[in-house]
Amino acid sequence: AQVPLAGARQAGKPNDPQLHFDVLRIVESVDDPWVGGVGIGFTIPLSGRLAVAKDKAWAEYNTAWRAIAVREAELVAAVHVDWLRWSAGQAVADLWQRHAESLNNLKQTADRLWQAGEISPIEARLVAIEQASAHAAALQAQSEAAVIRRQLLAKIGLSPDTPIVLNPLPIARTDSDTTDAEIAKAVLSHPAIKQAQAEYELAEQSLRAQIVKQYPDLTIGPVYENDEGQSRIGLSGAIPVPLFNRNQRAIAEAAAARDAARAKALRAYERLSHAAADAQARHIAANARHQSLANDITPLIEAQLADIRKLIDLGELDALMLTDALRRSLKTRLDLMDVTRDAAVASAQLEYLMRPLWIAVPVERPDMETQP
């Protein structure tokens, strides 16, 4: 954005004067055969093109800065979302690790019972297979969390081997109380909408610049001539006559570009409205699924695990029933983490769509206050 800013600060200055001269020699034999003249011409911008050029230059800067602001707001939101996903990935890896540790303890118990002849070797082997599978799954979860961490570091701008400790964000479910009217109102102030408005303003200024080109500017200045030893001084002027061309093609193209910018602004509003509605719908759906898992499924599985533990305390171990119950309990906890993560991500995306973070500050036009 510094490139168009540098141009905007220098825009609107008048053209440099033009120095013109001519030297002629009379071919016939005369006492003073040389004829010469010199003059300087100043352009008087009757069309008002200098003010229009300045407006257009600042519109170009505003458009460039708005584009940067959109990318910045999107990056901040993406970093937050990736941080949430990495935090959830860490939590999933911890769940698998704890599950593997519990199975490791169960494997030791199963080995003792097998050696004591209380259970069959098939049951003991089943527990060992389940423990090994859980350990492999824990390693896979840790690997996936490490991949998300590297992606997060890349968005922040750090190398993959940067010695930095990232603190996980709390993955919490929040209630959705945002109305459609609030979303529609907030979308209008989104950076992408402001960028589309800036692009339309630039298209409008470009059209103005082409329109003023059809109006002539006056070139005028003093002239001195020497003809056969006689000196003359006067005034010279020139002005184009707009009869045929009148810059009609450029005006038509600029008008069409302005219509395209208007359509692009409408499309940006539609895209953001759909994105906000989608984020809200995903948030509501994730909360509903979380409620079902937490209130309906989790209590049943916990009750089943409690009954099985009582049987183990009595010296009875049904390996198939226990591993199945542990697997279902883990799946429920993983599903709860997934829906909580989905709800948190959707909530963050909706928040950034409605209230994006602004970091960069635009440079104000010297003769006009720039609105953020």
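## Two helix pairs

Angles under 35 degrees count as roughly parallel, over 145 as roughly antiparallel, 65 to 115 as roughly perpendicular, and the rest as oblique. With that in hand, take helix 2 (residues 49–115) and helix 3, which pack at about 165 degrees with their axes 8 Å apart. Helix 2 and helix 3 are therefore roughly antiparallel to each other. The axes here are lines fitted to C-alpha atoms, for helices over the stretch in contact, and angles run from 0 to 180 degrees between N-to-C directions. Before going on, note that this is a predicted model, where local features need pLDDT of at least 70 and side-chain atom pairs count only at pLDDT 80 or more, while totals for chains, interfaces and linings use all residues. Residues are numbered from 1 along each chain as its sequence is written, and side-chain values use heavy atoms, with hydrogens and water left out.

Helix 2 passes helix 3 in a left-handed crossing (the near helix is turned anticlockwise from the far one by less than a right angle; clockwise would be right-handed). The contact of helix 2 with helix 3 has 25 nonpolar, 8 polar and 7 charged residues. For that tally, Ala, Val, Leu, Ile, Met, Phe, Trp, Tyr, Cys and Pro are nonpolar, Asp, Glu, Lys and Arg are charged, and the others, Gly among them, are polar. Helix 2 also packs with helix 5 (residues 191–212), at about 160 degrees and with axes 8 Å apart. Helix 2 and helix 5 are therefore roughly antiparallel too, and helix 2 passes helix 5 in a left-handed crossing. The contact of helix 2 with helix 5 divides into 11 nonpolar, 5 polar and 9 charged residues.

Gln131 sits in helix 3 (residues 121–156); helices are DSSP runs of H or I, at least four residues long, and strands are runs of E, at least two, numbered from the N terminus. Gln131 is buried, at 15% relative accessible area (buried is under 20%, exposed over 50%, partly exposed in between, with a 1.4 Å probe and protein chains only). Leaving out residues up to four places away in sequence, Gln131 touches Ala100, Leu103, Asn104 and Lys107, where contact means heavy atoms within 4.5 Å.

Ala348, in helix 7 (residues 319–354), is buried with a relative accessible area of 8%. Beyond its neighbours within four places in sequence, Ala348 is in contact with His80 and Leu84. Then there's His290 in helix 6 (residues 248–313), buried at 18%. Not counting residues up to four places away in sequence, His290 touches Arg173, Leu336, Val339 and Thr340.

On to the strands: 4 of them form an open sheet in the order 1-2-3-4, with antiparallel pairing. Strand 1 (18–25) and strand 4 (230–238) stand at the edges, each with a single partner strand, so one side of each has no neighbour in the sheet. From one strand to the next, the twist averages 15 degrees.

Strand 1 is joined to strand 2 (residues 34–44) by 8 bridges, and the two run antiparallel (strands pair if DSSP finds at least two bridges between them).

## A loop with positive phi

Most residues other than glycine have a negative phi. Arg246 has a positive phi near 50 degrees, and Asn247 a positive one of about 55 degrees. Arg246 lies in the loop between strand 4 and helix 6, and Asn247 lies in the loop between strand 4 and helix 6 as well. Arg246 is partly exposed, with a relative accessible area of 39%.
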